[in-house]
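Subject: Structure handover

Hello,

Here is the structure I promised to pass on. My notes follow below it.

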Amino acid sequence: MAAKKGTVPFSGTKEQEDALMKAINELKDEKGALMPILQKAQDIYGYLPFEVQKMISDQTGIPMEKIYGVTTFYSQFTLNPKGKYRISVCLGTACYVKGSGDIYNALMEKLGIVGGECTPDGKFSLDACRCVGACGLAPVMMINDEVYGRLTVDDIDGILAKYE
């Protein structure tokens, strides 16, 4: 199965799988074990792809539908990997009125991904957020912990070049 645009193929290691199996075995008999198992799995892999959900289902007997329901309901879980450089564009009111929607759209076009996805090389992931508390610098985006403010679409190429 070929990877679709904007996805990184699953590449878990034996060490990660061993750590997951150990966590499942320690937690699976406790009441309400699914949440702690999923949290541990995300700590191990960084996200919860289908393959990891399947391992959890196979080891616990919890149906895939239930696991998928929990992973998609709670915002703490992500089904997509995050890039080495995590880009977050503020779409809160102050930023949005000053053009952050245009910046977000330009980033999707330049990176070839949509929000929530990661570039195929694993370098960049893109998300929207509601407020980073820097309304005076609107519009704002963050790359990892670095804040960029008073942005225009023309600033994007120069900023991304710093991370190439």
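Start with Leu126. Not counting residues up to four places away in sequence, Leu126 touches Ile87, Val89, Tyr104, Leu107, Met108, Ile113, Val114, Gly115, Gly116 and Glu117. Contact here means heavy atoms within 4.5 Å.

Some ground rules. This is a predicted model, with local features needing pLDDT of at least 70 and side-chain atom pairs counting only at pLDDT 80 or more, while totals for chains, interfaces and linings use all residues. Residues are numbered from 1 along each chain as its sequence is written, and side-chain values use heavy atoms, with hydrogens and water left out. Helices (H or I, at least four residues) and strands (E, at least two) are DSSP runs, numbered from the N terminus.

**Cores**

A nonpolar core is a set of buried Ala, Val, Leu, Ile, Met, Phe, Trp, Tyr and Cys residues joined through side-chain atoms within 4.5 Å. Buried means under 20% relative accessible area, exposed means over 50%, and partly exposed is in between (1.4 Å probe, protein chains only).

The largest nonpolar core has 21 residues. Of these, Ile87, Val89, Leu107, Leu126, Met141 and Ile143 touch the most other members. The elements that give two or more residues to this core are β1, α6, β2 (124-129), β3 (141-143) and α7. The largest share, six residues, comes from α6. Another core lies apart from it, with 19 residues, among them Met21, Ile24, Ile44 and Met55.

**Salt bridges**

The rule is a side-chain nitrogen of Lys or Arg within 4 Å of a carboxyl oxygen of Asp or Glu. The count comes to six salt bridges. Here are some of them.

- Lys14 and Asp18: the closest N and O atoms are 2.9 Å apart. The two residues sit four apart in helix α1 (residues 14-27), so about one helical turn separates them. Lys14 is exposed, at 54% relative accessibility. Asp18 is partly exposed, at 39%.
- Asp58 and Lys54: the closest N and O atoms are again 2.9 Å apart. These residues are four apart in helix α3 (residues 50-60), which puts about one helical turn between them. Lys54 is partly exposed, with a relative accessible area of 35%.
- Asp157 and Lys110: the N to O distance is 3.1 Å. This pair links distant parts of the chain, with Asp157 in helix α7 (residues 156-161) and Lys110 in helix α6 (residues 100-111), 47 residues apart. Both are partly exposed: Asp157 has a relative accessible area of 48%, and Lys110 has 40%.

**Aromatic pairs**

Rings of Phe, Tyr and Trp (its six-membered ring) pair if their centres lie within 6.5 Å; planes under 30 degrees apart count as stacked, over 60 as edge-to-face and the rest as tilted. By this rule there are four aromatic pairs.

Phe10 and Tyr45 form a tilted pair, 5.8 Å centre to centre, with 40° between the planes. Phe10 lies in the segment before α1 and Tyr45 in helix α2 (residues 34-45), so the pair ties together parts that are 35 residues apart in sequence. Phe10 is partly exposed, at 28% relative accessible area. Tyr45 is buried, at 11%.

The rings of Phe73 and Tyr74 have centres 4.9 Å apart and planes at 85°, so this pair is edge-to-face. Phe73 is exposed, with a relative accessible area of 64%. Tyr74 is partly exposed, at 35%. Tyr85, Phe124 and Tyr163 form one aromatic cluster.

Polar contacts come up here. Each is a pair of N or O atoms within 3.5 Å; within protein, one must be able to donate a hydrogen and the other to accept it, and residues adjacent in sequence count only if both atoms are side-chain atoms.

Thr78 is in the loop between α4 (64-73) and β1 (85-90). Thr78 is buried, at 16% relative accessibility. A polar atom of the Thr78 side chain lies 3.0 Å from the backbone oxygen of Asn80. Leaving aside neighbours within four places in sequence, Thr78 is in contact with Gln42, Gly46, Tyr47 and Leu48.

Asp121 is in the loop between α6 and β2. Asp121 is exposed, with a relative accessible area of 58%. The side chains of Asp121 and Thr119 are joined by a polar contact of 2.6 Å. A polar atom of the Asp121 side chain also lies 2.9 Å from the backbone nitrogen of Lys123. Asp121 and Gly46 are 75 residues apart in sequence and 16 Å apart in space, C-alpha to C-alpha.

Best wishes
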